[in-house]
Amino acid sequence: MFWERAVENAITQLRRSVKAPVRLVFSDGREIAFSDNPRVTLRLKDSAAAAAFRHPNLLTLAEAYIEGKAELEGDVIEAIRGAEAISRAMPQPLFRSRGPTNGRHTKSSDREAVQHHYDVSNEFYALWLDPRLVYSCAYFRHGDDTLEAAQVQKLDHICRKLRLAPGERLLDIGCGWGALAMHAAERYGVDATGITLSENQHRLANERIKAAGLEARCKVLLQDYRDTQGEEAYDKIASVGMFEHVGLRNLAEYFGVVRRLLKERGLFLNHGITSSDVSNRAVGLGAGEFIARYVFPKGELPHLHRVIHDMSEQQFEVHDVESLRPHYAKTLHFWSANFERNLDDAVAAAGERIARIWRLYLAGCAHAFDQGWVSVYQVLASRQTRPGRTALPLTRDWIYRG
């Protein structure tokens, strides 16, 4: 058939222009390798899977695997690198404009998006996260730090930046399974409140708080950040890995809510993933479409300059900006390796299709941070609605004490 010849011709052309450690095995037994030493094998079950290579990008190649039309053998990180090489054979930009609906972030749609991502099951996340279920970038002081140690170091790094002191009121926006709130309450003596839109996180976090005997000064609420009540109700506020869900058009509202809740001169730490494109465009090559369709509905990443601009417009003074991109790349490699070791259990916990999505997502994000397609920053600021200065030391030595 002409259609089959067109697909075969496209793959033959790819073989001439692409160098990648990937071998394709077709349903009729034929093979095509993109290098002399392929380390990854992709077995295509039918002509529909082969058709993904006619106009390949990271989305179409991922979908062939997600839908079970192709099987992956070998290292998944190498497979992602090979998929990038194949995708780049087609002329397409690294960054792309966002779709017209990305700016619509209502409370109900944001709740649905968060629950889609986080309410897979607690057991599923426990297979590849650290024991505290810290689902954000770890902080590695040494190259041989374990994931568990690096996550504790990250929690301490945040608490030190916020200069937490006994008796202070801390709000953790998008608190996950409560690790930061519990750590701050237990080790720094604060009164910690976490909020999340995930029912699974809310339930398990409060179970853990009760088991640790921290109910008197730590709690997690099932609540949208926009519904949090109070004026200058908190001494310190942290938001870790949450503002990716806010939306570019909603950043001013988000930072405005933080300003309302934070006392004057109080410290705010925003830790989040950012775009590497100064125009705030999403990653192209099909990567952004894959994440939006299967993993993070309605997620949007601003560039760092947009973050600083919108924070400043809401009367925050920025004191410290720290890039953690190498730390997140290392964190994601840990997560991906854990997922690979527990792949059968992941399938049992979430089903074959979801496990395939997350296998590609974790490995793909590790590659994206390695390549600098995205980054992650901690931005420390204080509320400055009146003249004067925040009582911070003149140097930043205090961040790294101990």
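Throughout these legends, a residue is called buried when its relative accessible area is under 20%, exposed when over 50% and partly exposed in between (1.4 Å probe, protein chains only). The views show a predicted model, in which local features need pLDDT of at least 70, side-chain atom pairs count only at pLDDT 80 or more, and totals for chains, interfaces and linings use all residues. Residues are numbered from 1 along each chain as its sequence is written, and side-chain values use heavy atoms, with hydrogens and water left out.

**View 1. Helix α8 (residues 179–188) is mostly covered.** Helices (H or I, at least four residues) and strands (E, at least two) are DSSP runs, numbered from the N terminus. Eight of the ten residues of α8 are buried: A179, L180, A181, M182, H183, A184, A185 and Y188. These buried residues pack (heavy atoms within 4.5 Å) against helices α7 (147–161) and α9 (199–211), and against strands β6 (169–173), β7 (191–196), β8 (218–222) and β9 (234–240).

**View 2. Two aromatic pairs, F268 with F316 and Y328 with W335, are shown here.** Rings of Phe, Tyr and Trp (its six-membered ring) pair if their centres lie within 6.5 Å; planes under 30 degrees apart count as stacked, over 60 as edge-to-face and the rest as tilted. By this rule there are 24 aromatic pairs. In the tilted pair of F268 and F316, the ring centres are 5.4 Å apart and the planes at 45°. This pair links distant parts of the chain, 48 residues apart: F268 belongs to strand β10 (residues 262–275) and F316 to strand β12 (residues 316–323). F268 is buried at a relative accessible area of 0%, and F316 is buried at 4%. The rings of Y328 and W335 have centres 6.0 Å apart and planes at 85°, so they form an edge-to-face pair. Both Y328 and W335 are buried.

**View 3. Arginines R163 and R356 lie over aromatic faces.** A charge sits over a ring if NZ of Lys or CZ of Arg is within 6 Å of the ring centre and within 35 degrees of the ring normal. R163 is over the face of W398, 4.9 Å from the ring centre. R356 is over the face of Y65, at 4.5 Å from the ring centre.
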